[in-house]
Amino acid sequence: MRKVNLIKMKTGEKGVIAHIDGGTDLEKRLDVMGVRKEKTITKLSAFVMKGPVAIKSGRTVVALGHGMAAKIWINIIEK
Amino acid sequence: MDKHNRKIKKVALIGNPNVGKSVLFSRLTGVRVVVSNYPGTTVEFLEGKMAVGNEFVEVIDVPGTYSLEPSVPAEEVAIKMLDDADMIINVIDSTNLERNLYLTMELLETNHPMIIALNMHDELKHKGITIKEQDLEKLLKVKVIPTSGVTGFGIRELKQALSQAIPGKVKPRTHQQRWEHIGTVIDNVQKLTHRHHTFLEILEDASVNHWWGTVIAVGVIFACFKIVRFIGEGLINNVMEPLFNTVYQPLLVSLSKVLGGDGFLHNILIGKLSAGQIDFQQSMGILTTAPYVELVMVLPYVFSFYLLLSFLEDSGYIPRLALLLDNIMHKLGLHGFAIIPVLLGFGCNVPGIMATRVLESKRERFIASTLISIGVPCAALQAMIVGILGGYGGKYVLFVYGVLFIIWLFIGTAMNYFLKGYSPELFIEIPSYRLPSFRLLRKKIVLRISGFLVEAMPVVLGSVLVINLLQQVRVFEFVSSLFGPVLSFIFGLPKEAVWVLIIGLLRKDIAAGMLIPLGLSMKQLLIACIVLCISFPCIATFAIFLKELGLKRLIQATMIMLGITVVVGGSLNIILH
C-alpha cells in the first residue's frame, strides 16, 4: 500500500486517512467535522503555488491550506 | 405545559455552521434575518420572541459551531451563549447526519434540556438517504423532530415538542468514545441508497476543481457584472426614469409655480431652475436631486446587486470562490474566506466590515477592513460612477476598477509585509449546491433594500439640505477658496471639488452627483471618481470600523487612506492626459 500526504496524493485518487501530524489542533478541528483516522476520502483538487487542497469525506467537502494538507497522511486505495 | 416547563425563558438554537439555524429562527420568531448558503452568516447572535401556548419565550440564534471546544471567535460566542440558555434546540443537517452528531454528543453531555430538529429533511429523498427518526430518538434519548426551515415542514411540531425537552444525562466522553457511539447510531438509523450522480453534484465537484473551477469562476464573475449592469440599466431606463418623468415631475412643476419659481423655500425644496426648467441632477433641492439620485440612479443598481449577491449566497457558490481565490488572497495577508466580507462590502462597506468577524485573527480583520474601506466602493457609489462615466464609454469605468484593483493589491501586499504576524491557512467546509428558494430570496432582498432605504434616505436628504444651505449662505465659496488651491495643485481638480470630498463623508453617491455640474474634463472626472473611492469612506463606515477594530487601528487605516489618496491622485494628475 502506498502512503503519501495530501499534497503528493493525486487529484481524483481515493484513500484512507492513516494519521495526522502537527499537534492536536488540526487533528481536533478535522475530527469534529468527521474527517478523522480511518475515514475514506477523495482528493478533489489542488492549487498551484502552494495553494489549498479540497477533499471529500462522506458528504463533507473541506478545503484546507497547503501547510495543513502536508500534515495529513493517506493510504492510497489502488483502483 | 407542565410546571417544569414554565421556567423556560431562553431557548438557544445551536448547530453546525450552515445547517439552516437562521431560517428556523426566522420561522419560529417571525424575526427577519439574513440567511445564506455558507458557513458563518450569523457572526453575532440574534434574539427573538416566540409564542408557546400563552407565553413568550426568548429564542437566540447562535453562530454555528462544530464543537464546544472553539477554534474561531464566532464559535467562542456560541459556547458562551449556551450557558445562558435554559433549553437547547440542536439543529442538525439531516443530509450529513454523522458529522452533525458530534456536536449533539457534546451537547448531551452538558445536561441542558434539549430537543433535536432534524433539519433539511426535504432534501433527504433526492440524496438517497433514509433516517429512522424513532430509532434515533430511542438511541439519543431526546425528542427528534424532522423539520425543513425552507418549506416550513415540522415547525409546529417543533414548537409543541419544546415542553418535552429533557437533559441528555450523558457522562463526559473522549473524542474516540463519542465517534464510536456515533458509529453505532448511524449503523442503526441511516440507510443510503446508491444512485447516479445528479447534474448538480457533477457541477459541485467541477467547481472546486483547479481547472474547471477557474473556468467556471471567470464565467460566473463576468456574467455577474453583465447581469448587474443589464438589470440596473434596464430598471433605470424602463421603470424609474419614465416613472419619475411622467408622475413625479409634473407635481414638482406645479409646486415650483406655486412657490413662485424662486426664493428661499423654493431653493431648498426644488433648487435653482436652469433655463426655467427643473434639473434633477444638478439643482440640489431636497425634493428633486435627493430622490432622483437615490431612487433613479442608485436604487436600481443596489437592487440588482443584492439580487445577484443573494442568489450566489443561497446557491452555495461563494465558498467555492473562496477556495479558488485563496492563492491571491494569501498574497494580501488574507485567505480565501475573506472574499465574503469583500463581496458584502461591494454592497455597503458597513456589513462588509462587520462580516470580517468570520476571519480568525485581528491582523486579518485589520487588513480586510482597511482594504474594504479603501478599495471596495459601495453599490451606491458604483452606480454613480457607472452613471457618470458609463455614458462616455465602458473603458472609463473599467479604468476606475482597474486602478482600484491595483491599489488593492498594493495595499494588501504592503500590509502583509509590514504587519507583524502571519495569515492563517484556509479552512472551510464547502456546502452542497442548493437551488435558492424564491421565498427566502424575496425576503432577503426586501430586508436588504428596506435596510438600504431606511439608512440612506435620511442621510441623503440631510446631505442635500446641507449643500443647499451652504450654497445659499455662500460658505461654499469661502471654504472652496481656502482649501481649493491645495486640491488643484495635487489632483488638478477645481476648487469646488473640496465639497465633493466633504460631502463624501456623509454620502458617497450624493458627493459623486456633485461632480456633474462642475463641468470637469475626462481626466478630472477619472481622478475625482478614484479619489472619492479611496479617500475617506463615509461616516457610517468610520463608525463601524471604530466599533469593530478600535481607535488605534482606525487612525492607522486613516493614515493609509490619506497617503494612498495623495500618491495615487497626484500620480494620475501627472500621468493622465
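Student: How does α16(B) pass α17(B), in a left-handed or a right-handed crossing?
Tutor: In this predicted model, α16(B) passes α17(B) in a right-handed crossing.

Student: And at what angle do α16(B) and α17(B) pack?
Tutor: The angle is about 145°, and the axes of α16(B) and helix α17 (residues 394-418) of chain B are 8 Å apart.

Student: Why give both an angle and a distance?
Tutor: Because two packed helices are described by the angle between their axes and the distance between the axes.

Student: Ok, which residues meet there, between α16(B) and α17(B)?
Tutor: From α16(B) come Ile385(B), Val386(B) and Leu389(B), and they meet Tyr396(B), Val397(B) and Val400(B) in α17(B). By class, that contact of α16(B) with α17(B) is made up of six nonpolar residues, with no polar and no charged ones.

Student: What about α10(B) and α16(B), how do they pack?
Tutor: Helix α10 (residues 289-315) of chain B packs against helix α16 (residues 379-389) of chain B at an angle of about 120°, with the axes 8 Å apart. That angle makes α10(B) oblique to α16(B). The crossing of α10(B) past α16(B) is right-handed.

Student: Which residues of α10(B) and α16(B) meet?
Tutor: On the α10(B) side you have Met297(B), Val298(B), Tyr301(B), Val302(B) and Phe305(B). They meet residues of α16(B) including Ala379(B), Gln382(B), Met384(B) and Gly387(B).

Student: How many polar residues are in the contact of α10(B) with α16(B)?
Tutor: Two are polar, alongside nine nonpolar and no charged residues.

Student: New topic: how many residues does each chain put into the contact between chains A and B?
Tutor: Chain B gives 26 residues and chain A gives 25. On chain B, the elements that give two or more residues are α3 (97-109), α6 (175-189), α8 (210-258), α12 (326-331) and β10 (427-430).

Student: Which of them gives the most?
Tutor: That's β10(B), with four residues. By class, the side of chain B that touches chain A has nine nonpolar, 10 polar and seven charged residues.

Student: Does β10(B) run parallel or antiparallel to β5 of chain A?
Tutor: Antiparallel: four bridges join β10(B) to strand β5 (residues 60-64) of chain A. For one place to look, find Val61(A), which stands opposite Ile430(B) in β10(B).

Student: Back inside chain A, how many bridges join β1 to β6(A)?
Tutor: Three bridges join strand β1 (residues 3-5) of chain A to β6(A), and these strands run antiparallel. Strand β2 (residues 14-20) of chain A is antiparallel to β6(A) too, with six bridges.

Student: Which residue in β6(A) is the bridge partner of Asn5(A)?
Tutor: Trp73(A) is the partner of Asn5(A). Trp73(A) is also the bridge partner of His19(A).

Student: Where is confidence lowest and highest in chain A?
Tutor: Helix α1 (residues 23-31) of chain A is lowest, with a mean pLDDT of 83, while strand β6 (residues 72-77) of chain A is highest, at 96. Chain A as a whole averages 91, and 97% of its residues score at least 70.

Student: And what does chain B average?
Tutor: The average pLDDT of chain B is 90, with 97% of the residues at 70 or above.

Student: Last one: what ipTM and pTM does the model score?
Tutor: The ipTM is 0.95 and the pTM is 0.88.

Methods
Residues are numbered from 1 along each chain as its sequence is written. Chains are lettered from A and ligands numbered from 1 in the order in which they are written. This is a predicted model: local features need pLDDT of at least 70, side-chain atom pairs count only at pLDDT 80 or more; totals for chains, interfaces and linings use all residues. pLDDT is the predictor's confidence in each residue, from 0 to 100. Axes are lines fitted to C-alpha atoms, for helices over the stretch in contact, and angles run from 0 to 180 degrees between N-to-C directions. Angles under 35 degrees count as roughly parallel, over 145 as roughly antiparallel, 65 to 115 as roughly perpendicular and the rest as oblique. A crossing is left-handed if the near helix is turned anticlockwise from the far one by less than a right angle, and right-handed if clockwise. Two residues are in contact if their C-beta atoms, placed from the backbone, lie within 7 Å. Ala, Val, Leu, Ile, Met, Phe, Trp, Tyr, Cys and Pro count as nonpolar, Asp, Glu, Lys and Arg as charged, and the others, Gly among them, as polar. Two strands pair if DSSP finds at least two bridges between them.
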